[in-house]
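Please look over the sequence and the structure first.

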Amino acid sequence: MKLFFKAVFLLLLTTNLQAQEDLKDWYHKDPSSGVMGSSVDKTYSNLLKGMTSETVIVAIIDSGVDIEHEDLAGNIWVNLDEIPDNGIDDDKNGYIDDVNGWNFIGGPDGKNVGPDTYEVTRLYGKYKHKFENAKPELLNKKDKKKYEEFLVWKEEVEKQRNSAESALEQVSNIEATIKAALDGLKNALADKSLDFSLENINSIESDDQLIAIAQKISGDFLPGSDITTLAGLRESIASEIDSDKKRQQDKLEYAYNPDFNPRKTIVKDNYRNSTEKYYGNNDVEGPDALHGTHVAGIVGAVRNNDLGMNGVADNVLIMSVRTVPDGDERDKDVANAIRYAVDNGASIINMSFGKGYSWTKDVVDDAVRYAEKHDVLLVHAAGNSAQNNDITGNFPNDKYRKPKGFWFWKKKKAKTWIEVGALSYNTGEQSVAPFSNYGTNNVDIFAPGMKIYSTLPDDKYRYLQGTSMAAPVVAGAAAVLRSYFPKLKAEQVKKILMKSTESLDFNVTQPGSEDGADLVPFKSLSKSGGVLSLTKAVKMAKMTKGKKKIKTKKKGSA
């Protein structure tokens, strides 16, 4: 019962918030309004009014973006050096017909990876044949260390599979109970000649536990909904149950199945060659662009066009680099996506994804170095496991596994990387989103990430939540700075965002604490100790001398 009603609760939370129009754009509001927004609207009306700006390209490395969305189409990046759909690599960058970006999890025949495994499953599967029946005492030192890692991976995969099987059984039991409860409700209404309505349902007096369950379900689903019949209620509940079933079934068939590998049959690259670059296709939307489209809208939905919502940045082009499947992204693809974005003019890259393990971190590290060298800001979501990133693995990250350089000056961290935790629309002790990861050393800043309204495929809009939503708020703010203050280098933009935060000088509920009982100083949850404030950032930018040299265009040049 717990699994189902948790889904119901989240659905109701979204429905209730949707009824509060004043919270639809809460993350754009100033803290003086009563919510901890990022002061976006105030910045435009008070500080940027009348100022000129330059167009900034923001790459969205994600599940794909609906580039035809009514509120995004006007801000989609176009590769002007590529002739659409002619099957020729016109700009000779290695990617044929990459007009709006690239898809690194697609195949040469146009097919796309949908579901994929988690990284822990891949690691377990990679070493299963070697260590499944190994005798530890006979292993050399190097293999013994890898064997110990293997046991951790094996335990996690088997635990998750067992959990999914138990959850499926639990959901099936819940489904049977709810069916019986609604059948009982149907009979009770008929016996009393009552029409279907919440008032009539609640008027039924009965000692039957199934009737009580039906009344509880009706009380949860009917207020604020358009459900007017018992059949409609059944259909709505069935949809929620089917969603829960699919979530668990996908874990068994795909996410935690070491024998599942869509890579061979779809992408057809040489996966063993982690430096291979030229594979994929130009389908930048893919089969499920919900997540990426939502992220893109937060950054750059067209402002003030009387449609849907406003993006944070007003002079921005969105480049879609599809890299994230329904499962864990692969390091090879992430590295190539970063390099592609850098090579094609992105000055900011948003990465709203993450995982607990890394297959080839060095490859991603090299791509991060490449972005840093080319003055590109990388904005990354801290994760939604309510964990301390200072003590728990979260990949990719800004730490270089193998620092390079002279022994006395080795770069250990990327200076143009910013890690983002999520804020709630609630205030006081509940200011931090309960799911957000945190870390005094490994999370840089917090931004709105709970119940964020943004674009969805097919000209739709919805509230979603996660650090995935907080990161693009920061990416959008960074785009504003790079647009209105083009001489600022990526490292300067990061420092400004970090130093101009709004301080919360009080205790908040620590994410993941038992029953929300643990209170900690908000400033202890991140390196900056504060939350994003675009107003303060712009004020600081106005007082900062940019270090970037702007090349003066010759007369007659484009």
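Angles under 35 degrees count as roughly parallel, over 145 as roughly antiparallel, 65 to 115 as roughly perpendicular and the rest as oblique. Axes are lines fitted to C-alpha atoms, for helices over the stretch in contact, and angles run from 0 to 180 degrees between N-to-C directions. Helices (H or I, at least four residues) and strands (E, at least two) are DSSP runs, numbered from the N terminus.

The model is predicted: local features need pLDDT of at least 70, side-chain atom pairs count only at pLDDT 80 or more, and totals for chains, interfaces and linings use all residues. Residues are numbered from 1 along each chain as its sequence is written, and side-chain values use heavy atoms, with hydrogens and water left out.

**Helix pairs**

| Helix pair | Axis distance | Angle |
|---|---|---|
| Helix 10 and helix 11 (residues 361-373) | within 8 Å | roughly 10° |
| Helix 2 (residues 40-47) and helix 14 (residues 534-542) | 8 Å | about 40° |

Helix 10 and helix 11 cross at roughly 10°, and the two are therefore roughly parallel to each other. On the side of helix 10, the contact (heavy atoms within 4.5 Å) is made by Asp331, Val334, Ala335, Ile338, Arg339, Val342 and Asp343. By class, this contact of helix 10 with helix 11 has 10 nonpolar, no polar and 5 charged residues. Here Ala, Val, Leu, Ile, Met, Phe, Trp, Tyr, Cys and Pro count as nonpolar, Asp, Glu, Lys and Arg as charged, and the others, Gly among them, as polar.

Helix 2 and helix 14 pack at an angle of about 40°, which makes helix 2 oblique to helix 14. Helix 2 contributes Val40, Lys42, Thr43 and Leu47, and helix 14 contributes Leu534, Thr535, Val538, Lys539 and Lys542. These residues divide into 4 nonpolar, 2 polar and 3 charged.

**Buried residues**

Buried means under 20% relative accessible area, exposed over 50%, partly exposed in between (1.4 Å probe, protein chains only). Asp333 lies in helix 10 (residues 331-343) and is buried, with a relative accessible area of 1%. Beyond its neighbours within four places in sequence, Asp333 is in contact with Phe104, Ile105, Arg263, Tyr279 and Thr323.

Ser533 sits in the loop between strand 15 (530-531) and helix 14, and counts as buried at 5% relative accessibility. Leaving out residues up to four places away in sequence, Ser533 touches Ser38, Ser500 and Glu502. Glu502 is 31 residues from Ser533 along the chain, with 5.9 Å between their C-alpha atoms.

Helix 13 (residues 490-499) is mostly covered, with 7 of its 10 residues buried. Its buried residues are covered by elements including helix 12 (467-484) and helix 14.

On a 1 Å grid over the protein atoms alone, a cavity is a set of points where a 1.4 Å probe fits but cannot get out, and a pocket is an open set with protein on both sides within 12 Å along at least five of seven lines; lining residues have an atom within 4 Å of a point. Grid points are joined across faces, edges and corners, and a volume is the space filled by probe spheres set on the points.

There is 1 cavity of 30 Å³ or more. The largest cavity is lined by Asp331, Lys355, Ser358, Lys361, Val364, Phe395 and Pro396.

The second largest pocket holds about 580 Å³ of space. Of its 17 lining residues, the closest to its centre are Asn261, Lys264, Tyr271, Arg330 and Trp359. Helix 3 gives the largest share of this lining, 4 residues.
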